[in-house]
Amino acid sequence: STGEIFMSQPPTSSPWTSNELLGIRIAVSITGSLSILGSLLIIISWAFVQARSRSRKLVIFLSFCDFFTALGYLIGSNTTGDKICLVQSPLTVFFALASSLWTCAVALHLYFSISRPRKAGSLIKYYHVICWGYPLLSAIIIVITESAGRVYGSDWCFIPKVKRYWQPLRLVTFYAPLWICWIVTTVFYLLTKRTISRYLQYNNMTKTSLQKEFALEIKLTAIPLVFILLRLPGSIYRIIDFFCTESVCLEHFYWLSLLQAIGDPFQGFVNCIFYVFLTKFIREKFVQVLFSTLRFHGHRVNENEDLIKLTH
């Protein structure tokens with residue numbers, strides 16, 4: 001019954017009908033599966049297309065997190081009861097938060113590699129400390145406080161409202177760092193746009209270079225915008241849930257829960273669109289590897305060359 005799925009939040013009945021719950025599961029299954037496929041394609045691009053610069057390596061770490069984030073949502077959405085949440089909840093929080101932090105790290109690295117190339121490489125170790133360290137701390141907090149459980153008004157595991165200190169736990173372990181990542185990522189992509197535009201203004205601008213600049217600006221705007229939009233419904237839904245004193249108020253926001261089910265696991269596939277399908281260098285090499293009968297001898301690209309190719 002639907003009551004068994006949301007057993008951790010009294011009353012035990014779900015705010016959604018069985019068909020609405022099915023819609024959430026279908027959405028998670030589709031976007032989660034696509035995200036797993038997209039993450040694997042990015043990782044394959046590292047292994048077989050020979051685009052192995054430092055910037056591309058950061059994207060691999062991001063894709064690794066996206067893979068397990070999507071897998072966690074698939075497991076949580078297609079199981080019932082609270083026992084699975086004891087493992088699935090901290091692991092999904094770890095990888096989902098690490099994905100957001102690595103998205104932020106990619107933005108920082110792109111900016112510093114263009115504006116301060118000597119400094120860019122020295123920051124990598126700090127990215128690792130923050131992008132793995134804070135999510136690990138969040139997961140440990142959830143385990144130690146025994147806060148994991150099935151969330152009322154959703155179809156997956158997180159920190160239910162019946163747990164003690166659920167409000168600050170949700171903020172500290174996930175949403176506060178996520179919102180900070182939104183701000184930092186947006187700021188540094190905008191700074192990168194400005195830096196590249198200024199550089200091109202001081203060089204001879206052909207029609208081709210102007211077209212490339214226009215395409216680059218669109219991409220540098222789209223990446224942080226999509227990053228925010230994917231997680232925005234879930235954030236709005238959790239803010240509403242934060243202030244809801246009556247469980248019945250969630251009944252009016254099924255559409256937000258459905259959008260969250262679509263957006264939260266979808267980052268891996270969206271990154272594949274940006275870093276594989278819309279990256280000309282990678283896309284062309286994939287075509288050569290997959291469809292050419294001739295052996296492809298890939299070349300290693302230098303850091304600045306690949307940074308530009310990452311955004312074309």
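Analyst: Start where helix α3 meets helix α6. On the α3 side, the contact uses R54, L58, F61, F64 and C65. On the α6 side, I124, Y127, H128 and W132 answer them. By class, that contact holds seven nonpolar residues, one polar and one charged. All of this comes from a predicted model.

Now the geometry. Helix α3 spans residues 54-77, and helix α6 spans residues 124-144. Their axes lie 12 Å apart and cross at an angle of about 5°. Angles under 35 degrees count as roughly parallel, so α3 is roughly parallel to α6.

Stay in α3 and look at T69, which is found in this helix. T69 has a relative accessible area of 4%. Buried means under 20%, so T69 is buried. One is with the backbone oxygen of C65, at 2.8 Å. The other is with the backbone nitrogen of A96, at 3.1 Å. C65 is also one of the α3 residues that meet α6. Leaving aside residues up to four places away in sequence, T69 touches T92, F95, A96, R231 and D264.

Next, the nonpolar core. The largest one has 59 residues. Within it, W102, F112, Y127, F174, Y189 and Y275 touch the most other members. Helix α4 gives the most, with 16 residues. Apart from this core lies another, of 18 residues, including W156, I240, Y254 and A261.

Helix α10 covers residues 267-277. Nine of its eleven residues are buried, so α10 is largely enclosed by the rest of the structure. The buried ones are Q267, G268, F269, V270, N271, C272, F274, Y275 and V276. Y275 has been named already, as a core residue that is among those touching the most other members.

Helix α8 holds P224. P224 is buried too, with a relative accessible area of 6%. Not counting residues up to four places away in sequence, P224 touches T185, T186 and Y189. Y189 is another of the core residues with the most contacts to other members. P224 and I183 are 41 residues apart in sequence, and their C-alpha atoms are 9.1 Å apart in space.

For contrast, follow α6 to the loop between it and β1 (149-150), where E146 sits. E146 is exposed, with a relative accessible area of 61%. Its phi is near 55°, a positive value in a residue other than glycine. Most residues other than glycine have a negative phi.

Finally, step back to the whole protein. The secondary structure comes to twelve helices and two strands. Along the sequence, the pattern runs α-α-α-α-α-α-β-β-α-α-α-α-α-α. Buried residues make up 51% of the 312 residues. Take the contacts between residues at least 6 apart in sequence: 76% of them join residues at least 24 apart.

Key: Residues are numbered from 1 along each chain as its sequence is written. This is a predicted model: local features need pLDDT of at least 70, side-chain atom pairs count only at pLDDT 80 or more; totals for chains, interfaces and linings use all residues. Side-chain values use heavy atoms; hydrogens and water are left out. Axes are lines fitted to C-alpha atoms, for helices over the stretch in contact, and angles run from 0 to 180 degrees between N-to-C directions. Helices (H or I, at least four residues) and strands (E, at least two) are DSSP runs, numbered from the N terminus. Angles under 35 degrees count as roughly parallel, over 145 as roughly antiparallel, 65 to 115 as roughly perpendicular and the rest as oblique. Contact means heavy atoms within 4.5 Å. Ala, Val, Leu, Ile, Met, Phe, Trp, Tyr, Cys and Pro count as nonpolar, Asp, Glu, Lys and Arg as charged, and the others, Gly among them, as polar. Buried means under 20% relative accessible area, exposed over 50%, partly exposed in between (1.4 Å probe, protein chains only). A nonpolar core is a set of buried Ala, Val, Leu, Ile, Met, Phe, Trp, Tyr and Cys residues joined through side-chain atoms within 4.5 Å. A polar contact is a pair of N or O atoms within 3.5 Å; within protein, one must be able to donate a hydrogen and the other to accept it, and residues adjacent in sequence count only if both atoms are side-chain atoms.
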